[in-house]
Structure formats: C-alpha cells, structure tokens
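I opened my notebook to get to know a new structure. Come along as I look things up.

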Amino acid sequence: MNQQYQPKHADIVFNRIGYGAMQLAGPHVWGPPKDRAAALAVLREAVERGVNHIDTSDFYGPHVTNQIIREALHPYRDDLTIVTKIGYRRGDDQSWLPAASAQELRAAVHDNLRNLGLEVLDVVNYRAPGAAAPDGQPLAEPLSVLLRMKKEGLIRHIGLSNVTAEQVKEAQQLTDIVCVQNQYNLAHRGDDALIDTLAAQGIAYVPFFPLGGFSPLQSEALTRTAAALGATTIQVALAWLLQRAPNILVIPGTSSLAHLRENLAAGALQLDPATIAALNAI
Ligand SMILES: NC(=O)c1ccc[n+]([C@@H]2O[C@H](COP(=O)([O-])OP(=O)(O)OC[C@H]3O[C@@H](n4cnc5c(N)ncnc54)[C@H](OP(=O)(O)O)[C@@H]3O)[C@@H](O)[C@H]2O)c1
C-alpha cells in the first residue's frame, strides 16, 4: 500500500514510498555500479511497483546515476517525478565540494537536464552546504539563481536540502518551497519541530538517510519490534517514518531488488500506539 501526498505548491501527487538513487553508482557514490544490469532492474521494478518519485543528483557518480535512470526509464511515465539536487560537485579525489556560484548552479541544472534527457526539471532542491549539519548561511543568492532558471522554464518547482528552520523561513520570503530534504530517521530526530511546521504548511519533508545511510540503524527496540511484527528492522524504520507525519515522503536507497521489495512492503505495516511509543523512546 503506497499512500499519497500532494504538496500545497505543486500539482504533483507523490506516492509516499519513493526511491533514492544514490546507491546506484559505484562504491562511495563514484563511478559505474558493479552490476549495471541490476541497477537498471531495480529502477524498472521500482516504477512497475508504484514508485512515482525518484530522488537523484547529477553529482552521484558523477553523472552515472542520472545516465542509468535515463537508460532504465526514458521516455518517462507521465506520473513519474524525478527530484534532483544541485549545490555540490565532486572533486577528482571523490570529495564532496560546495558548488553554489551562479555559474556552477546553472551548469548543474544543464548537467541534470542532459543526463536525465529532460527539457525541464520537475523539482530541484538547493542542497545547502554543511556535512554533519546545515551551516545555516543565507540562501538568497543561490535561490535567486534557481528562480531565474525557473522563470526561464528550466525548473518547475524549488525545494531545499540540508537546511535549518530559519533558512526555510528565509527561502519562503523569496519563493514557494515544495519540499525539504534533511537528515532524519528513528535515531536522528533534530527536525521534529520543523516536520510539524512543514506539515501544517503543506510542504513535503523527505528524510535523507531514512535507514541510517552509511551507518545502518541499530537498536534493541527496533530489533524487538521487528521480531514481534514478523517484519525486518528496515521495514519498521520505514513504517515509523510513514506514521510520523503525513507530509513525510520516504526515499530509501538500495541497489538490491530484494531490498527494494522489502522496502515497498513496509507500506502495509501497521504500528500500534504502544509500539510507536517504544520506538519514539529510541
Ligand atoms: N540531500 C542530501 O544531502 C542527501 C544525502 C544522502 C542521501 N540523499 C538521498 O537520500 C536517499 C536515501 O539515502 P541513502 O541511500 O544514502 O541511505 P538509506 O536509504 O538510509 O540507506 C541505504 C543503505 O541501506 C541499505 N538498504 C536499503 N534497503 C535495505 C533493506 N531492505 N535491507 C537491508 N539494507 C538495506 C542499502 O544497501 P543495499 O544497496 O545493499 O540495499 C544502503 O547501504 C539517497 O538515495 C539519496 O537520494 C540525500
């Protein structure tokens, strides 16, 4: 069961379980995948099973992930929304470097358009600097570049990633924000208040690292709950996010068909109030 959510400022109906494409590139999100055929199969099956929201970036690979998405799915179904992000680039040493000058942002939009095979990007998140947490710096300058490209018809909707509540407020003075993508999961809940604010405003909240990212979520309560429900810990972590707020869209990343199926099945998992209370206490 994949419930739906439509943000206030977009004519897009998202199925709440989407797919994060970052795991499709090679190790450390760099270069080609070990098994390209498997990567193509994961994307195709995701869409066949009702995923209509794919999260990506041209700095995954770099370029590789978007090229795989294009090979697997182009021409795209009308109801598929590909959300991308700009604001970073990869160094030759595989590092992640902020890239937020007007020239870099514009080049990133054109890289995404070319590699995805699109004329317009449905949603572009400005990924603000900060590795462990947002740096909280003003967004007016980079957003003015995105707004120009929106006027030019290259971008349909604007979102934000790796931002504080204050940065969201600043951005909302400048333009409608469709979605916010920040780090959040059962064990990393700094955005609890922001999620509720965004829910009240009709803005989607899309947690990155929903399963813990590079350090998978582990907790006794999670293991206990999963065993009691006959589910996996990953499914419980996703079901917890889905019940947390109606505006949460999940984008678990996987390079495995078996994991994809498991993640999609999490939509059918019901958590009772006692279970939710136990998980909230993690
Ligand atoms: N805005 C940002 O700064 C930012 C940062 C990071 C990520 N993102 C986005 O968020 C998406 C999700 O984040 P993520 O992929 O980094 O982390 P994640 O979804 O929290 O976790 C992905 C990891 O979990 C594993 N996994 C997935 N499903 C599993 C299952 N059913 N059982 C066991 N292991 C499973 C994957 O390995 P397998 O491949 O083996 O399944 C992978 O190692 C990314 O794809 C990307 O689009 C955005």
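**Ground rules.** I am reading a predicted model, where local features need pLDDT of at least 70, side-chain atom pairs count only at pLDDT 80 or more, and totals for chains, interfaces and linings use all residues. Residues are numbered from 1 along each chain as its sequence is written, and side-chain values use heavy atoms, leaving out hydrogens and water.

**The ligand.** Next I checked polar contacts, meaning pairs of N or O atoms within 3.5 Å. Gln23 places a polar side-chain atom 2.8 Å from a ligand oxygen atom. Gly212 uses a backbone N or O atom, 3.3 Å from an oxygen atom of the ligand. A side-chain N or O atom of Glu262 is 3.3 Å from a nitrogen atom of the ligand. The protein buries 84% of the 890 Å² that the ligand exposes when taken alone (Shrake-Rupley method, 1.4 Å probe).

**The helix pair.** Helices here are DSSP runs of H or I with at least four residues, and strands are E runs of at least two, numbered from the N terminus. I found H7 (residues 220-229) packing on H8 (residues 233-244) at about 100 degrees, with axes 8 Å apart. That makes H7 roughly perpendicular to H8 (the class for 65 to 115 degrees). With contact meaning heavy atoms within 4.5 Å, Leu222, Thr223, Thr225, Ala226 and Leu229 of H7 meet Thr233, Val236 and Ala237 of H8.

The bond from Gly61 to Pro62 is cis, with omega near -20 degrees; Pro62 sits in the loop between strand E4 (53-55) and helix H2 (64-73). His74 and Pro75 are also joined by a cis peptide bond, with omega about 0 degrees, and Pro75 lies in the loop between H2 and strand E5 (81-86). Finally, His28 has a positive phi of about 60 degrees although it is not a glycine.

Methods
Axes are lines fitted to C-alpha atoms, for helices over the stretch in contact, and angles run from 0 to 180 degrees between N-to-C directions. Angles under 35 degrees count as roughly parallel, over 145 as roughly antiparallel, 65 to 115 as roughly perpendicular and the rest as oblique. A polar contact is a pair of N or O atoms within 3.5 Å; within protein, one must be able to donate a hydrogen and the other to accept it, and residues adjacent in sequence count only if both atoms are side-chain atoms.
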